[in-house]
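Let's take a walk through this structure together, one selection at a time. Have your viewer ready and follow along.

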Amino acid sequence: MNQGVAITGMGLISAIGNNVADNFASLISGTIGISKISRIKTVHEHEIMVGEVPLTNGELEKLLGLPADSHSRTPLLGIMAAKEALAQAEIQDISEYRTGLISGTTVGGMDKSEQYFYDFYERDLHWNHINSLHAGDSTQKIADAIGLTKSFVTTISTACSSAANAIMLGARMIKSGELDRVIVGGSDSLSKFTINGFKTLMILSDTYNTPFDEHRKGLNLGEAAAFLILESDAIVSKENKKVLAYVKGYGNANDAYHQTASSENGDGAVMAMEKALKVAGITPSKVDYINAHGTATPNNDLSEGRALLRVFNENVPEFSSTKPFTGHTLAVAAGVEAVYSVLSIQNNVIYPNLNFKTPMTEFNLVPETQLKNKEIKTVLSNSFGFGGNCSTLIFTKEA
Amino acid sequence: MKLEVYINSIGSVSVQKTFDDSGFLDEVVDYEGTSVKAVDPTYRDYIPPAAARRMAKGLKMSAVSSHNALKEAGLDNVDAIIVGTGLGCLGESEKFVRDLLDNDEQYLTPTRFIQSSHNTVAGSIALDMGCKGYNFTYVHSNISFESSLWDAKLQLENNEAENILVGAVDELVEHHVTTHQFIDHIKKEPVSREQVLRSGTKGIVFGEGSHFFVLSNQKQDTTYSRLIAMGIYNTLKKEEVSDTILVFLHTNGLTLEDLDGVILGINGDVDFDTIYQDLANGIFQTIPQFVYKHLSGEYDTASGFGFWMANKIFKTGKVPEVIRWNDIKVSQPKRLLLYNQYRGKNHSLVVLEKC
């Protein structure tokens, strides 16, 4: 049973565009979204670069027709992306089939919790945000906005692989017949909490991130939301749905090496990729393009690079990291990159790994540095997170 | 052909002395307050003291409950680890935020941030036992644990794994309690264990705990029960609850007559317990009814305590007086339905059958 699960809609908001089309235009034109931080006041503003969504919360609330200061940023971004995905899949009646929503997030409503941490004690003006720290609260707000009731709605938080795992669970639930239709992806906003957390780990770059480069200095944090619509074959054939691509393979494994660092040889990453290839029922040689995790931290790129060499037996296909465009969007990185993977398949294009100059000394791996046209039937996308969490998704043109 | 799903072992740290598996609520811990902490096991029997000092409460409780669950199942390792937690190691997150605000984002250390990751418990259990398998963490309020159960059920039925460690953990944090008292989610006036479920006031008494279970598609000597059906609904109108339960039972080939008892998540919040009361006086009227949140406190994964309790009922064949909600007697129940919701949201249904 290696049948893929149909993707019929996509929605995305990131530092390089408020929708899927704008994101693709930026990828093709080489327009990056990394800049000095502007929306969050932090003492680190001169030491870090980030990928911020240009719209303010107020602008997002206005666009979505929501009351001012009613939502934290994570659900606002999520609602934008979920609505776009539903529109592309031409879903008018969300209750028509057994429909689920599975979202990944790391911060939930932390942006508001940290902002009003002491304010809550002083006045009741922002008490609407007290319960929004719950990751599940942000997902429920997305469900509310799209009118999803009486349904399977849940949230996954496995750090930077969360959205990959949400897509994986959704695909498994469609395959096993538990759901007919599922909205999968994630949403994560920037917060002082994450900025300072990553700062203490000393893995933030003070300039543009440079994945797989010998002189890489760390990552740029980003924010985004991305959702895919997955539908059963029965719906696709009954409604004659246009299928954008398929979720063909998925795998999750644990590095069991360190809470925040990847093992030197990328054991967890190797297992995740091998599991995904097995589920997809394909050999590594069928992979046309790899959208790497490629965060540009010294540890990730070395570990991931070694894992790629182990899985692809020295014949690593064209690969690149798109993090120089968007920054590392944490929980939703795999969601952003799932959309990019589908766009790669639809448009037969490989995105450049920007800012790369010098190959790493440990191995001879050189990412694609220029936009490249090539027939793309199969894309493998990696995402790795704290807690040793390693996930791989495989997307294909054919079921 | 779907395989059966068995609960092969249990492990618990909670407001009651559930870490000691020899009894079953023989001696009930009383309290009077608006929040109630877990009874600490002797952590040094499980964790080196130096390590324990740096560990969040959720991690420590889970080290004990996961260890006990694995030991009872006779396993050193599992194929997958799936943990549900509403807020993760919230105490560490709270301290990290407080530190960054108080010190203007200076002098911070990574430990608290690292332990703030929701998947810290699942990750550290994997690290400790060298488990390289599937590792997921669900963080969806009061269906965090049920999402984990559902995921495990899917994998075991399809034989994608043979043994899965499934957990539920949340810890009690002062800032969370105080701020949730502002909005009446947590009670403002102290209440006793005996009174809480009939308090007639807004909000709940907040608790904490960690519950782990080994689920397997292989029955063994230690097996407690079989997980036969599950349902999760993000929202239901009050008037839809009864029908939803009846449809759920029907879809799974069951009727109300098949149930020897229902375990209800009644938590003493006057605004939302009416949802349970309507069932207790309605479709569940002739069925033995059990409660547990006066013993566990309420928190996102308190339903883990309910799941633990159901399995203890099966294993011991006893129904302690302290959990009985109506007068209908039952001995040696064979099939139990667990129903839980919090503030009218995230309704879950779980049916367990004695093995």
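Start by selecting residues 2-397 of chain A in this predicted model.

Next, move to chain B and colour its two assigned domains: domain 1 covers 6-216, and domain 2 covers 227-354. Their centres, taken over C-alpha atoms, are separated by 21 Å. Where they meet, 45 residues of domain 1 of chain B are in contact with 35 residues of domain 2 of chain B.

Which elements of domain 1 of chain B give two or more residues to the side that touches domain 2 of chain B? Select β1 (6-13), α6 (144-157), β5 (163-170) and β7 (209-216) of chain B to see them. Then highlight α6(B), which brings the largest share of that side, seven residues. Colouring this side by class would show 20 nonpolar, 19 polar and six charged residues.

Now show both chains together. Here 50 residues of chain B are in contact with 51 residues of chain A. On the chain B side, several elements supply at least two residues each, among them α3 (90-102), α4 (110-116), β4 (134-138), α7 (174-182) and β8 (225-235). α6 of chain B is also one of these elements. Finish on α5 (120-129) of chain B: α5(B) gives the most to the side that touches chain A, with six residues. By class, this side of chain B divides into 24 nonpolar, 21 polar and five charged residues.

Notes: Residues are numbered from 1 along each chain as its sequence is written. Chains are lettered from A and ligands numbered from 1 in the order in which they are written. This is a predicted model: local features need pLDDT of at least 70, side-chain atom pairs count only at pLDDT 80 or more; totals for chains, interfaces and linings use all residues. Helices (H or I, at least four residues) and strands (E, at least two) are DSSP runs, numbered from the N terminus. Domain bounds come from an automatic or database domain assignment. Two residues are in contact if their C-beta atoms, placed from the backbone, lie within 7 Å. Ala, Val, Leu, Ile, Met, Phe, Trp, Tyr, Cys and Pro count as nonpolar, Asp, Glu, Lys and Arg as charged, and the others, Gly among them, as polar.
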